[in-house]
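Hello! Please have a look at it first.

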Amino acid sequence: MRARGRGRPGRPALHDGRHGKMLRLRCRHVGDHRRRAAAGWLWLHTGFSGGAVHARGQAHPDLRGHQPDPAGRHRQQAVGVGVALDTRSDGPRVRFAPSPTGYFHVGGARTALFNWLFARQQGGSFLLRIEDTDTERNRDEWTEGIYGALTWLGLDWDERPVVQSERGRLYSEAVDKLVAGGHLYYCDCTREAVDARTRGAATPGYDGFCRERRLGPGPGRALRFRTPDEGSTVVSDLVRGEVVFQHATIEDFVLVKSNGAPLFVLANAVDDMDMGVTHVIRGEEHLPNTPKAILVWQALGGPRLPVFAHLPVLVNEKRQKLSKRRDPVALEDYRQQGYLPEAMRNYLVLLGWGPADGQEIMSLDDMVRAFRLTDVTRSPAFFDVRKLTHFDGEYIRAMSPERFIEACQPWLESGPWAPSAFDPEVFARMAPLVQERVATLAEVPAMVDFLFLDRAPIEEASWERAVAGDPAAAALLDDAIASYGTCPWTAEEIRGATLAVAERSGKKLAKAQAPIRVAVTGRTVGPPLFESLHLLGRDRTLDRLRAARDRMPIVGPDLID
RNA sequence: GGCCCCAUCGUCUAGAGGCCGAGGACACCACCCUCUCAAGGUGGAGGCACGGGUUCGAAUCCCGUUGGGGCUGCCA
């Protein structure tokens with residue numbers, strides 16, 4: 001069977017492919033059970049997720065980018081912060097649940113993207129939850145950063161974000177229920193005491209010391225969850241199949257801190273239940289505590305468990321998980337380095353997933369159409385900024401000139417020139433030439449600074465190479481000064497004049513233009529020279545050529561005369 | 001150490017037992033184009049970790065080895 005329903009061109013009735021895939025998922029792996037339960041659930045959903053999915057599946061690739069966003073535009077999206085719109089539909093409900101403990105992370109962005117794509121594609125809801133139960137480490141500004149980052153990426157969310165710090169009552173009700181059910185017990189062991197007892201033990205972790213002590217509440221006493229001694233819990237994972245954890249290997253973990261604050265596993269399970277979350281899509285680092293969450297969920301008498309999908313982690317060049325501490329991961333930093341949100345999200349979608357047709361540059365609509373959660377890769381992905389940069393260049397070149405100029409504004413405002421010297425009209429005329437030469441917006445100022453600076457920003461290495469290192473440079477500059485003084489001042493005429501200068505010097509134009517370029521723009525590389533000179537103006541061009549001439553040491557024949 | 005996950009060019013991926021002599025993208029190299037630099041075009045180098053098994057046939061299924069990673073908090 002071939003049809004995989006991934007929107008390959010030329011394949012009719014792609015929705016049949018989708019169904020084929022689902023059917024296949026349900027019946028493959030007969031022997032090993034991988035993905036079976038999970039796929040069955042997904043099947044249910046695609047079964048009633050409506051015509052939108054099928055209509056998308058039939059979209060012709062040529063229409064790419066020219067269609068209305070099929071992803072649930074009928075639903076009124078609240079873009080921005082805190083707009084409550086309860087549009088609870090029958091579709092799957094996913095949530096992105098970041099913790100505001102620092103700058104928003106590219107890994108978080110990838111997780112958010114995958115959640116968003118799945119929700120939009122399945123006609124479901126993408127919910128937001130701020131996991132700020134650790135009051136020591138959370139700051140409001142980080143929370144704002146989450147909203148800002150998602151908005152920057154173009155990911156809108158449904159309903160009002162859930163903020164855990166505002167839901168203490170929900171958690172204490174859950175705790176009461178768990179206590180009543182005999183699932184929790186108080187524990188006053190310190191970390192040190194546990195360590196001392198379990199040193200060298202076969203099973204590390206908490207040893208159940210307080211299980212039968214029947215301690216009541218009190219200062220310094222945390223609540224632990226009594227895990228089963230036997231049996232196992234199976235995590236049904238859309239990416240990894242069924243992962244089995246033996247209960248004997250799961251320690252009695254703390255659910256409530258001794259100060260009464262709920263911990264991650266508790267708040268997580270309670271909220272997923274309360275929010276009606278059907279699919280938990282998150283980083284693989286959460287896989288080991290998923291059985292704990294399932295145990296809590298079941299102890300709470302929760303309904304049907306969500307389906308899990310643990311995405312591969314993002315790693316650095318040493319293949320370690322990307323970390324705030326040692327790796328450049330802040331989305332905000334990438335924004336400030338001149339990366340476009342569309343390039344970022346396009347790059348991000350390819351980390352852990354790839355389109356079957358190989359077409360990697362894709363719009364958000366393309367992604368919604370082509371993305372398949374069940375096709376997510378299992379191995380860690382290296383965040384390669386070089387490829388990101390390439391994508392950024394692609395997106396910059398694809399912009400309209402107007403949009404490009406608009407996008408450049410923040411970088412132009414902080415250019416190395418005096419603000420009053422900046423001329424928007426001059427920049428606008430140079431912009432198209434710059435646009436096709438930069439890979440990030442941050443490179444723009446260095447391409448145009450010579451236009452707005454009093455003098456050429458001479459780069460020493462360039463000077464050495466093209467002027468000081470060329471014995472013919474002096475004569476060449478002298479000739480250029482003479483020629484430019486009289487030729488009509490258009491790019492084409494300047495080119496002609498320069499060609500004549502080159503011929504008189506016995507050089508090719510490519511070689512002859514180098515000292516002129518450095519004298520006027522300060523660098524050996526940059527936008528096309530003749531347009532640059534034209535925009536700079538005859539007087540300033542001549543001034544700079546003379547200044548360069550003055551800067552040169554008097555050598556050679558000049559001394560003899 | 002324990003538990004769990006993972007393994008296709010340097011990197012990200014396509015791959016669902018025969019369409020694979022393994023495809024694409026980034027990066028790299030060469031050439032073309034060219035006023036520099038880019039962009040673009042053409043071509044190139046480069047990979048199924050290893051060992052068993054199943055099968056007429058394995059990148060693909062199974063087992064093992066090795067290697068990498070995650071978790072192992074009163075963080076999330």
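1. Ground rules. This is a predicted model, in which local features need pLDDT of at least 70 and side-chain atom pairs count only at pLDDT 80 or more, while totals for chains, interfaces and linings use all residues. Residues are numbered from 1 along each chain as its sequence is written, chains are lettered from A and ligands numbered from 1 in the order in which they are written, and side-chain values use heavy atoms, with hydrogens and water left out.

2. Largest pocket. This pocket holds about 1,200 Å³ of space (a pocket is an open set of points on a 1 Å grid over the protein atoms alone, with protein on both sides within 12 Å along at least five of seven lines; lining residues have an atom within 4 Å of a point). Its lining counts 38 residues, and P98, S99, E285, H286 and K324 lie nearest the centre. Two or more lining residues come from each of β1 (93-96), α4 (106-122), α8 (264-274) and β9 (279-283) (helices are DSSP runs of H or I with at least four residues, strands of E with at least two). The largest share, four residues, is from α4.

3. The lining of the largest pocket splits into 14 nonpolar, 13 polar and eleven charged residues (Ala, Val, Leu, Ile, Met, Phe, Trp, Tyr, Cys and Pro count as nonpolar, Asp, Glu, Lys and Arg as charged, and the others, Gly among them, as polar).

4. Cavities. There are five cavities of 30 Å³ or more (here a 1.4 Å probe fits but cannot get out).

5. α18 and α22. Helix α18 (residues 473-486) packs on helix α22 (residues 538-551) at about 160°, with the axes 10 Å apart (axes are lines fitted to C-alpha atoms over the stretch in contact, and angles run from 0 to 180 degrees between N-to-C directions). α18 and α22 are therefore roughly antiparallel (over 145 degrees). Among the residues making the contact are L477, I481 and Y484 of α18 and L542 and L545 of α22 (contact means heavy atoms within 4.5 Å).

6. α20 and α22. The axes of α20 (residues 509-521) and α22 come within 8 Å and cross at roughly 105°, so these helices are roughly perpendicular (65 to 115 degrees). I516, A519 and V520 of α20 meet T541, R544, L545 and A548 of α22.

Key: Angles under 35 degrees count as roughly parallel, over 145 as roughly antiparallel, 65 to 115 as roughly perpendicular and the rest as oblique. Grid points are joined across faces, edges and corners, and a volume is the space filled by probe spheres set on the points.
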